[in-house]
Amino acid sequence: MVDTVLFEFLHTEMVAELWAHDPGPGVSAGLRGEEAGATKGQKMSLSVLEGMGFRVGQALGERLPREMLAFREELDVLKFLCKDLWVAVFQKQMDSLRTNHQGTYVLQDNSFPLLLPMASGLQYLEEAPKFLAFTCGLLRGALCTLGIESVVTASVAALPVCKFQVVIPKS
Amino acid sequence: MSRPAQRRPEYHKINKDLFVLTYGALVAQLCKDYEKDEDVNQYLDKMGYGIGTRLVEDFLARSCVGRCHSYSEITDIIAQVAFKMYLGITPSVTCNNSSKNEFSLILDKNPLVEFVEELPAGRSSLCYCNLLCGIIRGALEMVHLAADVTFLQDRLKGDSVTEIGITFLKKQDEKKYRRKK
């Protein structure tokens, strides 16, 4: 059985490394395309992490037992993410789920495990989004496997509390 | 780090797969970013090093290893305690030279490659699990042991086994002992 702490360590290292603007010692330069300025570099790194999370979320979604996939309503899917998926991935449930019943859901975690080791309060608030990008992708990927297209973003007011906003466009 | 018990067997599976899948996504991303296999390998080793320097604290806190008096004991602990704790496998250990500073870990099973059937096309020199080498190297360095850690054989490259070679570089100082991994 692979220890859960390995994922946390790997995630932290990925955030640190994928954020680097220089290509790193001894490796071929100029393949990353991140010279174009900090903002662009930031956006690219966030989307890279989010994309990786998406792939993993899709794969995890495929591993769910079939009976879990027979959801009647969209809200049931979100409840499933908050309870079952979150427990499987982070060993705890999401702390609250709110919705406007029109496709927007706000999932709040009061002690998000990937933010816990960092700090609490306002210190490192700027760094927090990097630690959430992968998980946003994870949620989007799992939703995708369950047949739902979505846009997932996250925000942090004070560590380690964070909110994931899931917007499901109405067709 | 205590964890509440998983309620259902499905969670266990998801949890076990999370690291392996994330690692796979990372390798895929690095293959996109770097054309040369050597660059991907080096990057994986570097990331592993970073992880290893922190993982060793987690290991020392959770395991009850006592003092080690030889490189051989240290390698045994890596194989029988650390690998078991983190990856659920126990590689076998062989010593490769008479001065007893070169060892091999033979991995019979490897959870990291559970979903990998073969290396991607054009990536025949990729050391898919190179993160492991970096982790071992980083962890050892934190307990003041310098070592070269590389893959000597790799099933994904067509070898019959997967073998990690550890070469301890400094002469061991027997008088001044401290806790080692």
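Predicted model: local features only at pLDDT ≥ 70, side-chain atom pairs only at ≥ 80, totals over all residues.
Residues are numbered from 1 along each chain as its sequence is written, chains are lettered from A and ligands numbered from 1 in the order in which they are written, and side-chain values use heavy atoms, leaving out hydrogens and water.

**The two chains**

- Chain A has 4 helices and 4 strands, where helices (H or I, at least four residues) and strands (E, at least two) are DSSP runs numbered from the N terminus.
- Along the sequence, the pattern of chain A is α-α-α-β-β-α-β-β.
- Of its 171 residues, 51% count as buried; buried means under 20% relative accessible area, exposed over 50%, and partly exposed in between (1.4 Å probe, protein chains only).
- Among contacts in chain A (heavy atoms within 4.5 Å) between residues at least 6 apart in sequence, 60% join residues at least 24 apart.
- Chain B also comes to 4 helices and 4 strands, running α-α-α-β-β-α-β-β from the N terminus on.
- For chain B, 62% of the contacts between residues at least 6 apart in sequence join residues at least 24 apart.

- Helix H3 of chain A (residues 74-90) has 17 residues and reaches 22 Å from its first C-alpha to its last, close to the 24 Å expected at 1.5 Å a residue; the expected span is 1.5 Å times one less than the number of residues.
- H3(A) bends by about 35° at Leu81(A), the bend being the angle between axes fitted to the seven residues ending there and the seven starting there.
- Because 12 of its 17 residues are buried, H3(A) is largely enclosed by the rest of the structure; among the buried ones are Phe80(A), Leu81(A), Asp84(A) and Trp86(A).
- After H3(A) comes Gln91(A), which has a positive phi, near 60°.
- Helix H2 of chain B (residues 37-62) has 26 residues and spans 35 Å between its first and last C-alpha, close to the expected 38 Å.
- H2(B) has a kink of about 30° centred on Arg54(B).

**Cysteines**

- The whole structure holds 0 disulfides over all chains, a disulfide being a pair of cysteine sulfur atoms within 2.5 Å.
- Cys82(A) is buried, at a relative accessible area of 6%, and its sulfur lies 12 Å from the closest cysteine sulfur, in Cys162(A), so the pair is too far for a bond.
- Cys162(A) is buried too, at 1% relative accessible area; its closest cysteine sulfur, in Cys136(A), is 8.4 Å away, too far for a bond.

**The nonpolar core**

- The largest nonpolar core has 111 residues, and those with the most contacts inside it are Leu115(A), Phe164(A), Phe83(B), Tyr128(B) and Ile164(B); such a core is a set of buried Ala, Val, Leu, Ile, Met, Phe, Trp, Tyr and Cys residues joined through side-chain atoms within 4.5 Å.
- Helix H1 of chain B (residues 9-33) gives the most to this core, with 11 residues.
- Not counting residues up to four places away in sequence, Phe83(B) touches residues including Ile78(B), Leu105(B), Leu132(B) and Ile164(B).
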